[in-house]
Amino acid sequence: MSCELCDPAGSDLASFACWRIFAARDQNYLGKCIIALRRHEEDFLALTEAERDEMWEAARAVRDALARRFAPDHFNYQVLGNSGRHVHMHLTPRYTSPREFGGITFTDDHWGTWPFPSEQALPEGFLKTLADAISRVMPPKGAAK
Ligand SMILES: [Zn+2]
């Protein structure tokens, strides 16, 4: 079985026991992060109590870090499992106005509705720079070790 989320690329932004956090490859919404269960599980409702509790902590830590770094106007929390069945959450910051980061201007062209995916070429090293920027403002509870 090949599962991209069992062995994701990208550095872990935090140090939660049950969840990995990393910057999404698509940054159509600046700071979009993936929170993925460390073990392979495809049923979101089959999480253990400890996993469920820590998912809330992890999502809150990411939300707070993104709030500090980019001041989003809203957050979307998506658990869909359409293209990757491994349990994960897309934590998508939403913006009413453009944000600048790494020499790129990001605009939320779908404010007020679904966070539609879009292709956007990112310069070499962008995701690492973004991951470092988010990781630096992660609350102590979830800070990477
Ligand atoms: Zn998996």
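How many bridges join S2 to strand S4, and in which direction do the two strands run? In this predicted model, S2 and S4 (residues 88–94) are joined by four bridges and run antiparallel. Within this pairing, Ile34 has His90 of S4 as its bridge partner. Strands of a sheet pair through backbone hydrogen bonds, either parallel or antiparallel.

The pair belongs to an open sheet of four strands, in which the order is S1-S2-S4-S3 and the pairing is antiparallel. Strand S1 (19–23) and strand S3 (74–78) stand at the edges; each has a single partner strand, so one side of each lacks a neighbour in the sheet. From one strand to the next, the twist averages 20°.

Cys33 lies in strand S2, which spans residues 33–37. Cys33 is buried because 27 other C-beta atoms lie within 10 Å, where 20 or more are required. When neighbours within four places in sequence are left aside, Cys33 is in contact with Leu13, Ile21, Phe22, Ala23, Ala24, Val62 and Leu91.

Helix H1 consists of 22 residues and reaches 31 Å from its first C-alpha to its last, which is close to the 32 Å expected at 1.5 Å a residue. The buried residues of H1 are Met55, Ala58, Ala61, Val62, Ala65, Leu66, Arg69 and Phe70. Viewed down the axis of H1, these buried residues fall within an arc of 135°, and they therefore line one face of the helix. An α-helix has 3.6 residues a turn, so residues three or four places apart point the same way. Exposed residues Glu49, Arg52, Asp53 and Trp56 are carried on the face of H1 turned away from its buried side. The cover over the buried residues of H1 includes S1, S2, S4, S5 and H2. Just after H1, Ala71 adopts a positive phi of about 45°.

In helix H2 (residues 126–136), the buried residues are Leu130, Ile134 and Ser135. These residues are on the same side of H2 because they cover an arc of only 130° around the axis. Among the elements that cover the buried residues of H2 are S1, helix H1 (49–70) and strand S5 (99–101).

Methods:
Residues numbered from 1 in each chain as written. Predicted model: local features only at pLDDT ≥ 70, side-chain atom pairs only at ≥ 80, totals over all residues. Buried ≥ 20, exposed ≤ 12 C-beta atoms within 10 Å, placed from the backbone. Contact = placed C-beta atoms within 7 Å. Pairing = 2+ DSSP bridges. Axes fitted to C-alpha atoms, helices over the stretch in contact; angles between N-to-C directions. Arc of directions from axis to C-beta. Expected span 1.5 Å × (residues − 1).
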